Each structure stands twice: as structure tokens, then as C-alpha cells.
Amino acid sequence: MNFYEDLEWRGLIKDCSSPELKEKLNEGGMTFYIGADPTAKSLHIGQFPTFLMVERLRRAGHNPMVLVGGATGRVGDPRGTGEREKAEIAVIESNFEKIKAQMTKLFGEETQIVNNFDWFKDMNYIDFLRDVGKYINVNYMINKDLVKRQMEVGISYAEFSYMLIQGYDFKYLHDHYGVNLQFGGSDQWGNLTTGIELIRKLNNEEVFAFSIPLITDSTGKKLGKSYGNALWIDKEMTSSYELYQYLLNFEDVMMEEYLKKFTFLTKEEILDIMRKHEEKPESRYAQKMLAHEVITFLHGEEEFIKAKKISESLFSEDIETLSANDILENMKDVPQVTLHDQENIVDALVNSKIVSSKREAREMILAGAISFNNKKVLDLDYRVQKEKAIEQQIFVIKKGKKNMFIGSIQE
């Protein structure tokens with residue numbers, strides 16, 4: 001397969017501005033950009049396949065540029081989920097620096113990273129209307145799908161104007177950096193094509209764009225921070241262990257699609273993984289291979305090995321080989337409770353609110369549904385002892401199959 005055919009096979013092309021773009025992508029040598037939103041400190045896993053396109057294009061011989069929207073982040077765009085909260089300017093500026101560092105780490109020092117606030121900060125409203133607004137018809141704007149959907153619930157003038165700002169970004173980068181290609185998520189298609197239209201009218205030149213399908217689960221729910229299920233690709237915000245567990249729990253039915261979109265594995269490698277996975281799906285082989293590829297790319301091989309070791313140890317008797325620090329750092333989202341040395345197990349469960357009553361505590365203990373450091377507690381007279389805790393500091397407590405707590409010992 002050539003490069004464009006590979007992108008199609010992976011399901012990474014939804015919209016394409018021109019048939020001519022296919023050959024240009026195969027030839028290499030284009031200068032492209034993608035926009036990043038600085039309303040958060042990090043990209044999230046739902047954005048990862050879209051931003052991974054930067055590296056795919058770079059490997060295919062194209063020249064990357066990332067625009068972090070310091071100006072557009074102050075406005076927000078019509079996403080179909082309600083208007084964005086107005087972010088504090090200081091937060092946006094701080095986030096710009098964090099995302100810039102993240103992009104540099106992922107895609108290399110040679111990747112140019114720019115901030116559209118640099119060219120918008122001195123542009124006044126009259127100039128913007130004269131130089132941009134007069135060239136884009138309102139009917140053109142309201143016919144864009146994302147705007148249509150948002151208009152059903154109401155859209156502010158600021159968010160309505162977002163596509164003009166993004167359109168001008170493309171023109172500015174084209175004029176000053178020779179950018180001739182933009183891509184983004186399919187929900188941005190109206191904004192992408194506005195830049196093409198503006199350059200066509202003002203420069204009498206053709207530039208190009210394509211969009212990538214949004215990443216969803218099997219129900220069509222978007223993997224994104226606006227929908228409350230984001231995991232961040234910054235390991236200080238989401239540990240490699242948390243990311244490993246998240247990927248390990250992806251649905252079987254989505255695995256071939258995710259392997260295509262989240263990794264650089266070849267067609268032959270992916271089909272081989274799926275064959276092995278289907279022979280023994282309970283092994284979650286495809287999920288483990290996905291986790292290896294994603295975590296190694298984002299955080300390095302050592303982080304993957306560490307995440308895998310923690311995951312395997314947490315669900316085996318090897319749990320006591322982990323350090324208390326490993327557990328606390330990598331299980332930040334697990335509820336933490338306080339235990340007391342020599343406390344009776346029934347009292348400990350009730351006092352820490354792991355269970356609601358002594359009766360429930362006794363029933364769960366006798367049913368074998370309570371474990372401390374992966375050892376079932378079956379004795380109602382069992383006492384929490386500091387000496388049995390990991391590094392005499394913590395217990396990993398499990399209630400049933402799904403509920404986990406970290407218990408810290410106090411004297």
C-alpha cells in the first residue's frame with residue numbers, strides 16, 4: 001500500500017478537500033499544521049490518534065507544524081456540546097507552555113510550534129472584519145454541520161466567529177510559513193474548509209485539508225474530555241499504570257480499529273494480533289499489544305514495563321513486591337481510606353466507609369469478598385496489623401471484584 005492507501009485502510013481519512021491531495025500525500029514535501037486547544041494542560045487519549053497523524057506525515061516526508069490556540073482558546077468553538085467555559089487568560093498561557101513541551105517531546109525539537117495569539121493580539125476588530133469577515137458569506141457559515149447543530153440550542157457570536165479565526169490562521173501560516181495542508185478531527189471540517197476558501201479568494205491559490213474520524217467506543221460515545229471520560233497523555237496527570245488499565249479494558253469489538261488508529265503496526269502485524277486474540281480472547285492479547293504500543297510511544301519502554309508489572313502484581317500474591325510509593329503514585333484515582341493498627345476487621349471496614357454496616361461487613365467477609373493485599377480475609381476476628389502492611393504503610397483492599405481501596409495505617 002502507498003501512504004494514502006494505508007491511511008484509508010486504517011480508517012484515518014473521513015473528508016478530503018481534493019482528489020489531488022492523495023498524490024501529494026504520497027509524494028511528501030508538504031508543510032502541514034494541526035491546531036491544539038490550550039484549555040487543558042494536556043492532550044487526552046481520545047485526541048491521540050489525530051495528533052499521531054503528525055508523526056505519520058513526518059515519517060512520510062512532510063514538514064510538521066503545531067498551532068496552539070492561545071487566541072481561539074479564549075473564544076471556544078461550537079462543538080455541539082454547549083458553549084465552552086471562559087478560561088482564565090493566565091491558565092491558557094500556562095497551558096500553552098505545557099502543551100508546547102508535550103508536542104516537542106512527542107514529535108521532536110524540529111517541530112515548529114506557534115501560538116495564534118501572536119498574530120491576533122494586535123489586530124483590531126475593524127481590520128478583522130475588513131480583511132477576513134467580508135470574504136466569508138454568512139450562509140456559508142451557518143450551513144456547516146457543527147454550527148447547525150449548535151444553533152438548535154443557541155450559539156454565541158464569539159463561537160460563531162470561531163471558523164473565521166481558524167480560517168485566518170491557515171492563511172497566516174500559508175503566507176508566513178508556506179503551510180499548504182491542514183488536518184483535524186472531523187468535527188472541525190467546517191473550520192478547515194473555511195481556511196481553504198479564504199486563501200482561494202485572497203491569494204488565488206489552492207491549499208488542502210483532510211479530516212480524521214472522531215474516536216468513539218462501540219456505542220458511538222466520543223473519547224474526549226468534554227464527555228467526562230478523558231485520560232490524559234501526560235503521565236503526571238494519568239500514570240502509565242492507569243493508562244495501561246484503561247487500554248486493557250477496551251472492548252474486544254473495537255480492538256482492530258484501535259490498533260489501526262493508535263499504532264504504527266503494519267497491516268500484517270495487526271491481522272496477526274487479531275488472529276491470536278480471537279483464538280483466546282480472555283487473554284486480552286490485543287489490548288496488551290495496544291497498551292505496549294501506546295505507552296511505549298508516549299512514555300517509553302521502561303514506563304510500559306513498570307505499568308505491566310504493577311498491574312500484574314496488584315492482582316496476584318506478588319503485590320508485596322511493590323513499594324508503597326509505586327502503588328500511591330500509580331493509583332491516584334483509587335479511593336484512599338484510613339485504617340488503625342490492631343483495629344478489628346469489621347470495625348475497620350465500617351469506620352473507613354468501605355461498607356455501610358457491621359452486618360454487611362460480616363456478610364462480605366464470610367462470603368470471601370474482602371481481601372487485604374490479595375489475601376482473602378475470612379476470619380471475623382482478623383485485626384489490621386501494621387507489620388502486615390506494604391512497607392508497614394498501606395494495604396490494597398478489594399471489596400468484591402471491582403471495588404478497590406488503598407488503606408493507610410495510622411497508629
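Predicted model: local features only at pLDDT ≥ 70, side-chain atom pairs only at ≥ 80, totals over all residues.
**Stop 1: helices 13 and 15.** Select residues 255-262, which form helix 13, and residues 285-299, which form helix 15. Their axes come within 10 Å and cross at roughly 15°. Helix 13 is therefore roughly parallel to helix 15, since angles under 35 degrees count as such. The crossing is left-handed. Now show side chains. Helix 13 contributes M255, Y258, L259 and F262 to the contact. Helix 15 answers with A286, Q287, L290 and V294. By class, that contact has 7 nonpolar residues, 1 polar residue and no charged ones.

**Stop 2: helix 2.** Turn to charged pairs; the structure holds 20 salt bridges. Select E20 and K24, which form one of them, with the closest N and O atoms 3.9 Å apart. Both residues lie in helix 2 (residues 20-27), 4 residues apart, about one turn. E20 is partly exposed at 39% relative accessible area. K24 is partly exposed too, at 26%.

**Stop 3: helix 6.** Select D127 and R130. Their side chains meet in a salt bridge, 3.3 Å from N to O. The two sit 3 residues apart in helix 6 (residues 125-131), about one helical turn. R130 is partly exposed, at 46% relative accessibility. D127 also counts as partly exposed, at 24%.

**Stop 4: helix 14.** Which residue forms a salt bridge with E279? Select R275: the closest N and O atoms of this pair are 3.2 Å apart. Both belong to helix 14 (residues 267-279), 4 residues apart. E279 is exposed, at 59% relative accessible area, whereas R275 is partly exposed, at 42%. Salt bridges with shared partners join D272, R275, K276 and E279 into one network.

Definitions and conventions. Residues numbered from 1 in each chain as written. Heavy atoms only, no water. Axes fitted to C-alpha atoms, helices over the stretch in contact; angles between N-to-C directions. Parallel < 35°, antiparallel > 145°, perpendicular 65-115°, else oblique. Left-handed = near helix turned anticlockwise from the far one by under 90°. Contact = heavy atoms within 4.5 Å. Nonpolar A, V, L, I, M, F, W, Y, C, P; charged D, E, K, R; others polar. Salt bridge = Lys/Arg side-chain N within 4 Å of Asp/Glu carboxyl O. Buried < 20%, exposed > 50% of the residue type's maximum accessible area, 1.4 Å probe, protein only.
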